[in-house]
Each structure stands twice: as C-alpha cells, then as structure tokens.
Amino acid sequence: MHEMSIALSIVEAIETKAREEGAESISGIDLVVGKLAGIQPDSLRFCFSAAAKGTLAESALLHIEEPEGVGKCMECCAKFPVSFYYAECPECRSLRIEIVSGEEFRIQTITIEEGEINNNV
Amino acid sequence: MCETCGCSTDGGAVLRKPGQTGYHVHISESCDGSDSHHHGEGHPHDHSHHHEESSSRKVLLEQDVLLKNNLLAERNRGFFEARNIFALNFLSSPGSGKTTLLEKTIPLILSHFPVAVIEGDQQTTNDADRIHILGVPVIQVNTGSGCHLDAMMINRALKELELQNNSLLCIENVGNLVCPAMFDLGEALKVVVISVTEGDDKPLKYPNMFHEADLCILNKIDLLPYVDFDARKCRENAVRINHHLEWLEVSAKTGEGLDVWQQWIENKLKQR
Ligand SMILES: Nc1nc2c(ncn2[C@@H]2O[C@H](COP(=O)(O)OP(=O)(O)OP(=O)(O)O)[C@@H](O)[C@H]2O)c(=O)[nH]1
Ligand SMILES: [Mg+2]
Ligand SMILES: [Zn+2]
C-alpha cells in the first residue's frame with residue numbers, strides 16, 4: 001500500500017511544525033487513523049520508523065488512535081457501527097449508508113523536546 | 001520501503017516525452033517529500049540523546065496527513081478551472097485497458113475539442129508513445145518505485161505540457177487499485193476502469209477506490225461470453241459502495257459502448 005509515502009509526508013509535516021516551535025526533537029506523535037481510512041496502522045508504524053531516520057522524529061513514539069467506522073442510514077437516520085463501505089442498515093435494511101466517522105486521517109498533536117534549560121542560576 | 005506495494009523514496013519521479021530521447025525532468029520534491037530521506041533497516045530507536053533537563057510539551061496540529069497534497073491539488077484544480085480544462089483521472093488495476101480506451105476515445109473527441117494526456121507508470125514511456133502516435137500533447141511521468149501519481153507530479157507535468165483552453169486532459173494513473181485512490185490530483189472527476197477478466201467482486205475487495213470514483217467503466221465486454229463475470233452483480237456491488245457512481249460498459253477493442261462514453265465526455269465538456 002501507500003504507507004511509505006504517507007509516512008514520509010507525516011515526518012515532513014511534523015518536522016516543519018517542530019522547527020517552527022524551536023524543538024530539539026520530537027518525542028511523541030498522536031495520529032488519528034479511522035478504521036475506514038484505508039491505512040494499515042502496523043504497516044504505517046513500520047514505514048514510519050524508516051521514514052523518520054535521521055530526522056527530528058527519529059526517536060518519536062507513534063500513538064495511533066483508531067476511531068471505529070460509524071454509518072448513518074439515509075432512509076431512517078439510524079446510526080450504527082460499520083466496518084465496510086457497503087454496510088446495511090440494521091434497522092431498515094437499507095443500503096443507502098453515509099459514513100459519518102472512521103475516515104479520519106490526521107496528525108493530532110506532537111510532543112516536542114525543547115532541549116536543555118540553560119538558566120541555572 | 002513499504003513491503004506491500006513498493007512505495008518508496010528512492011528513485012524519485014521523472015518526466016519524459018515521446019520522441020525526445022534526451023528530454024528528462026526530475027521532480028525534485030514530491031508531495032510526500034520523496035527524495036529527502038534514506039531508508040535503513042529500521043533498527044531499534046535510540047533514545048540516548050534525551051537530556052535530563054530537557055522539557056517537553058505538546059503542540060496541537062490537527063492537520064490532515066495529506067494536507068500538502070490536497071493544497072497542491074486545489075492549485076491544479078484552480079488552474080484547470082481558469083483555463084476551462086476538464087481533467088479526468090483514470091484509475092484501475094494494471095492491464096484493464098486504460099491506454100487502449102484512451103487510444104480509441106481521443107480520436108472521437110478530437111474532432112470537437114483539443115485533448116492532452118499525462119501518463120503515469122513506474123517505468124517506460126510505452127503508454128506515452130502509444131498516445132503520441134495520435135498527435136496529441138502527451139507527457140510521461142515515471143514514478144520510479146512510487147505506486148501512484150500525486151498532485152506535485154501533475155503540477156510539474158502541467159508546466160511541460162502545452163494545454164489549450166476549453167480542452168480535455170486525461171490523466172492515466174499508475175495501474176493500482178489501492179494507493180491512487182488517496183491522492184487528489186486536482187481532477188474534475190475520477191474514472192475507475194475495470195475489465196471483465198478481473199472478477200465481479202473487485203468493488204468489494206477495493207472499496208476505497210470505488211468509494212472515491214465518480215464513473216466506473218466496465219471494459220472488455222467483448223470477452224463476456226468467455227468469462228464467468230456477472231456485470232449486473234459487479235455494478236450492484238459498486239453502487240453499494242458508492243450511491244453516486246455512474247456506470248458505463250464498453251469494449252475498447254470492438255468499439256461497443258464507446259458512443260455513449262463519447263457522449264458522456266462531450267456533455268461534461270459542454271456543461272462547462
Ligand atoms: N479483448 C479485449 N482486450 C482489451 C480491451 N481493452 C484493452 N485490451 C487489451 O488489454 C491489454 C492491456 O491494455 P492496456 O490498454 O495496455 O491496459 P492499461 O490499463 O493501460 O495497462 P497499464 O497501463 O499497464 O496499467 C492489452 O493487451 C489490450 O489489447 C478490450 O476491450 N477487449
Ligand atoms: Mg496504460
Ligand atoms: Zn435505515
């Protein structure tokens with residue numbers, strides 16, 4: 001899949017942000033990867049460690065939150081968990097389902113290290 | 001490197017033109033920051049450089065992972081809108097007949113509207129060479145080990161192509177039903193091509209692609225008598241995933257259905 005190019009774009013985005021913030025390194029990243037986003041978290045982790053090598057995020061711990069898929073029936077408005085795009089409404093059996101959650105794919109926060117505090121009075 | 005598809009950073013994308021052997025443009029920075037990294041074997045993380053006195057703090061980003069690609073795609077889209085260029089992004093598994101379909105479609109459209117093509121493949125200019133014979137502007141993007149086109153590649157390719165106003169631009173993505181679905185290029189619509197030799201459960205196996213597509217073209221219907229493929233079932237599966245998906249059935253080989261497809265394109269071109 002596309003996890004490698006995705007991992008690289010994550011590293012690029014967080015390095016840019018960390019530099020803006022004057023960070024010495026990035027120690028943690030919180031990602032939100034919905035279960036329907038088409039991304040394999042394990043594969044992403046694997047690629048991330050390779051992509052982050054030699055960058056500020058080299059030692060960062062990757063925390064991935066995986067919101068469940070939630071569908072909403074366009075006929076009866078019921079909301080229910082879904083694991084596929086082709087879910088069926090458990091209430092009225094309609095196939096006209098809108099996905100309301102589970103497609104998220106964002107970088108939520110990063111934890112940055114600001115280096116030594118040098119004002120030891 | 002990603003074990004599943006071979007997406008990787010080494011071997012960045014290159015633009016090539018048919019009939020111009022020396023012509024060669026490296027896309028220095030891809031949307032995913034492609035060439036600024038080297039991969040190792042992923043050895044254990046080294047935490048030793050953390051100082052005891054260092055202070056850490058959380059910084060909120062709330063940023064879409066594909067933000068950079070999406071922003072650039074919007075710039076491409078703005079360029080297309082300003083010039084009234086109707087851009088289609090063709091997606092499919094390898095060999096479903098995208099290039100053949102373009103070879104057959106372009107001469108039909110060309111009598112009414114100018115056409116240009118961007119071809120995406122990991123290697124070779126084979127597809128661009130086939131389009132070049134038709135006499136329309138074409139550029140090949142070789143993605144190297146990359147498994148999809150991204151907005152930056154298109155942005156660069158646009159600078160090398162002579163595009164006319166009020167025209168059709170066909171972008172043939174790398175043959176792959178997974179990764180290209182995630183990368184907006186700035187196109188007006190996505191067209192997924194599947195062929196009758198692939199199995200009618202394709203939409204269920206690759207739901208993201210069919211979820212993103214606007215039109216599905218079922219190709220190679222001349223082979224229907226010889227294969228176990230239920231076109232009606234395939235369509236049902238596809239529409240279950242995407243209620244807005246339009247559907248056409250063609251044979252790029254015999255020309256069956258191409259009149260409807262030509263009409264579909266010309267209607268879109270005229271609406272603009
Ligand atoms: N029988 C039949 N064969 C077709 C049809 N369309 C394409 N083909 C054949 O399918 C093979 C692949 O066609 P291409 O047009 O190269 O497919 P593609 O999707 O561009 O392939 P990639 O760019 O490699 O992903 C060729 O041998 C074509 O001649 C069709 O409608 N019917
Ligand atoms: Mg092709
Ligand atoms: Zn319902």
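I looked up two cysteines first: Cys73(A) is buried, and so is Cys89(A). Buried means under 20% relative accessible area, exposed over 50%, and partly exposed in between, with a 1.4 Å probe and protein chains only.

I noted that this is a predicted model, in which local features need pLDDT of at least 70, side-chain atom pairs count only at pLDDT 80 or more, and totals for chains, interfaces and linings use all residues. Residues are numbered from 1 along each chain as its sequence is written, chains are lettered from A and ligands numbered from 1 in the order in which they are written, and side-chain values use heavy atoms, leaving out hydrogens and water.

**Zinc**

I looked up what holds the zinc ion (ligand 3), and found the SG atoms of Cys73(A), Cys76(A), Cys89(A) and Cys92(A) at 2.2 to 2.4 Å. Donors are N, O and S atoms within 2.8 Å of the metal (3.2 Å for Na, K and Ca); water is not among the atoms, so sites may look incomplete. The angles among the four donor atoms run from 102 to 119°, and the site is tetrahedral (four donors, all angles between 85 and 135 degrees). For comparison I wrote down that the ideal angle for four tetrahedral donors is 109.5 degrees. The donor residues of the zinc ion (ligand 3) follow the spacing C-x2-C-x12-C-x2-C. Cys73(A) lies in strand 3 (residues 69-73) of chain A and Cys89(A) in the loop between strand 4 (79-82) and strand 5 (97-101), so the pair ties together parts 16 residues apart in sequence. Strands are DSSP runs of E, at least two residues, numbered from the N terminus.

**Rings**

Rings of Phe, Tyr and Trp (its six-membered ring) pair if their centres lie within 6.5 Å; planes under 30 degrees apart count as stacked, over 60 as edge-to-face and the rest as tilted. The ring centres of Phe84(A) and Tyr86(A) are 5.1 Å apart with planes at 20°, so I logged this pair as stacked. Phe84(A) is partly exposed at 44% relative accessible area, while Tyr86(A) is buried at 18%. In chain B, ring pairs link Phe90(B), Trp261(B) and Trp264(B) into a cluster.

**Ligand 1**

I checked the polar contacts (pairs of N or O atoms within 3.5 Å). A polar side-chain atom of Thr100(B) lies 2.5 Å from an oxygen atom of ligand 1. For Ser251(B), a side-chain N or O atom is 3.4 Å from an oxygen atom of ligand 1. Lys253(B) uses a polar backbone atom, 3.2 Å from an oxygen atom of ligand 1.

Key
Four donors count as tetrahedral if all angles lie between 85 and 135 degrees; four count as square planar and six as octahedral if opposite donors are over 155 degrees apart and all others between 65 and 115; anything else is irregular. Helices (H or I, at least four residues) and strands (E, at least two) are DSSP runs, numbered from the N terminus. A polar contact is a pair of N or O atoms within 3.5 Å; within protein, one must be able to donate a hydrogen and the other to accept it, and residues adjacent in sequence count only if both atoms are side-chain atoms.
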